[in-house]
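Hi,

Here is the structure I said I would pass on. Have a look at it first, and then read my notes below.

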Amino acid sequence: MSQLGHFFGSGISRRDFIKTCVATTAVMGLPFSMAAKVAEAAQAPDRPPVIWLHFQECTGCSESLLRANHPAPATLLLEMISLDYHETLMAGSGHQAEKSLHDSMKANHGKYILIVEGAIPTKENGIYCKVGGKTALESLRKAAEGAAAIISVGTCASYGGIQAAPPNPTGAVGVRDIIKDKPIINIPGCPPSPYNLLSTVLYFLTFKKLPELDEMGRPKFAYGRRIHEHCERRPHFDAGRFAKAYGHETHAQGYCLYKLGCKGPATYANCSVQRFNDAGVWPVSVGHPCIGCTEPDILFRTAIADKVQIHEPTPFDSYAPVDLKDKGKGASPVTTGVLGLAAGAALGAGAMLARKLPDAEQPAAEHEQGGDHEHKE
C-alpha cells in the first residue's frame, strides 16, 4: 500500500491508476483477471533502471508519451521505472548528465532496460551524430553491453526511419542492424502509441520476459493485425464506397480512404483500436489516409497518394471495386490477377463442395451405399 500511496501522492488518482492498468492489460490481449497482477507489478518497490538514449530523431516519440494524460501513462511509467538518463527530461546537462549515464550503467550492469529513440548513422564511423563527444554508434554499443533488454521506440530506432530513406546519406540504420546479441523489441510508429510502450514495460515487469514478437521484432499484442481489419471505415470498403478527393462530399461522408492512398491494408498496428490523445483520434478518423508508419518498406518510401495492393484476398477484400462507376475503364494487371485468384479459389471451392454433395436425382439411401462401396474399394 505504501507504494500505491506513493503513486497517489505523485498526482495519479486511484481511478486513473486502475483505469491505466486495465487498459494496458487489454492492449496486451490478457484476460481481465490479469489486471490485478499487472497492477501489482506496477506497484513493485524495486523499480527497474532505464537508460533512454536519443540519436537521429525529432523527439516526437518522447513527446507523444509526455502529451498523453488521461490516464497518465507518462506519469505512471516514470513512477514504475527509475529513469536514470533521458536527455530531454533530466535536469542535469553536460558533464553532470554524462556522469549519471555512466554511473547507472556501472551500478546496474546486466539489469537495466535500454530504450533507444532515433536512428544510428554508420557512414564515416558514425560522425553524423555525436553526444558527449561520442558517436551514436559508440554510445549504443557501450550501453547495449550491460543492458538486460533493448526497446527501440519509434520507426527511426526500429528501422532507420526517414534518415534511412534513399539516398540515406548518413548510412542510418535501426538498432537491430547493429546489436545482435541482446533481446530487442521494436515499437515502431511515427510516433508510436505511448500505451504500446507502457504495455511492453508492464509486460516485462509482470512476467519477467518480453512479450511474443513477430518476425520484425514487434509485440504481437500491438502489431499482430492489419489496420484494415479493424478500421471503422471498413464497411465502406466492403460496400465499394470510396472518398474521391479531399473535401469531396464522399470524403465528408466518411467513406473509405483507400483510393486516396490509405496504407491500412498493408500496415500492422493497433492505431484504430488504441488511438491517440484524450479525443480518441487517429489519422483515418479525422480524414487522412494511414501512411504505413509502422512498416519499413512503406513509410518514406512510397508517396502518400500511392495505393497498396490488397494481399491475401478474401471475399471482403476483393469483391468491391475501387470505384463502381469507373470499373469500365479497366484495371491494373496485378489487381485483375488478385481478383481472378480470389474468384478462381471460390469456384474451385464450389466445385469441390458440389462433388461432396449427393446427386439431386439419386435417392439418399442409394447414394450412401455408393459412397460406402467407393470407400471400401
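**What I found**

Let's start with the strands: β1 (residues 49–54) runs parallel to β3, and the two are paired over five bridges. Within that pairing, leucine 53 has valine 116 of β3 as its bridge partner. Keep in mind throughout that this is a predicted model.

β3 also pairs with β7 (residues 147–153), again in the parallel sense, through six bridges. There, tyrosine 112 sits opposite alanine 147 of β7.

Is β3 buried or exposed? Six of the six residues in 112–117 are buried, so the strand is largely enclosed by the rest of the structure. Tyr112, Leu114 and Val116 point one way, Ile113, Ile115 and Glu117 point the other way, and all of them are buried. Take isoleucine 115, which belongs to β3: its relative accessibility is 2%, and with a cut-off of under 20% for buried, isoleucine 115 counts as buried. The C-alpha of isoleucine 115 is 9.9 Å from that of alanine 143, 28 residues apart along the chain.

Next, the aromatics. The count comes to four aromatic pairs. In one of these, tyrosine 203 and phenylalanine 207 have ring centres 4.6 Å apart and planes at 45°, so the pair is tilted. Tilted is the class between stacked, under 30 degrees, and edge-to-face, over 60. Both residues are in helix α9 (residues 194–207), four residues apart, which is about one turn of the helix. Tyrosine 203 is buried at 13% relative accessibility, whereas phenylalanine 207 is partly exposed at 24%.

Elsewhere, Phe237, Phe242 and Tyr258 make up one aromatic cluster. If you look at charges over rings, check arginine 241: it lies over the face of tyrosine 255, 6.0 Å from the ring centre. Proline 235 is part of helix α11 (residues 234–238) and is partly exposed, with 48% relative accessibility.

Most residues other than glycine have a negative phi, and most peptide bonds are trans. Here are the exceptions I noted:

- Proline 166 and proline 167 are joined by a cis peptide bond, with omega about 10°; proline 167 is in the loop between α8 (154–159) and β8 (172–173).
- Cysteine 190 and proline 191 are also joined by a cis peptide bond, with omega about 0°; proline 191 is in the loop between β9 (184–187) and α9.
- Threonine 59 has a positive phi, near 70°. Threonine 59 is in the loop between β1 and α4 (60–67) and is buried, with a relative accessible area of 18%.
- Arginine 275 has a positive phi of about 65° though it is not a glycine. Arginine 275 is in the loop between α13 and α14 and is partly exposed, at 23% relative accessible area.

Last, the surface. Which residues make the nonpolar patch of about 270 Å²? They are Tyr246, Ile291 and Ile304. Isoleucine 291 lies in the loop between α13 (271–274) and α14 (315–318), and its relative accessible area of 33% makes it partly exposed.

Cheers

Conventions
Residues are numbered from 1 along each chain as its sequence is written. This is a predicted model: local features need pLDDT of at least 70, side-chain atom pairs count only at pLDDT 80 or more; totals for chains, interfaces and linings use all residues. Side-chain values use heavy atoms; hydrogens and water are left out. Patches are made of residues with over 30% relative accessible area and no salt bridge: like charges are joined within 9 Å, nonpolar side chains (Val, Leu, Ile, Met, Phe, Trp, Tyr) within 5 Å. Accessible areas come from the Shrake-Rupley method with a 1.4 Å probe; for residues, only the protein chains shown count as cover. A salt bridge is a side-chain nitrogen of Lys or Arg within 4 Å of a carboxyl oxygen of Asp or Glu. Buried means under 20% relative accessible area, exposed over 50%, partly exposed in between (1.4 Å probe, protein chains only). Two strands pair if DSSP finds at least two bridges between them. Rings of Phe, Tyr and Trp (its six-membered ring) pair if their centres lie within 6.5 Å; planes under 30 degrees apart count as stacked, over 60 as edge-to-face and the rest as tilted. A charge sits over a ring if NZ of Lys or CZ of Arg is within 6 Å of the ring centre and within 35 degrees of the ring normal.
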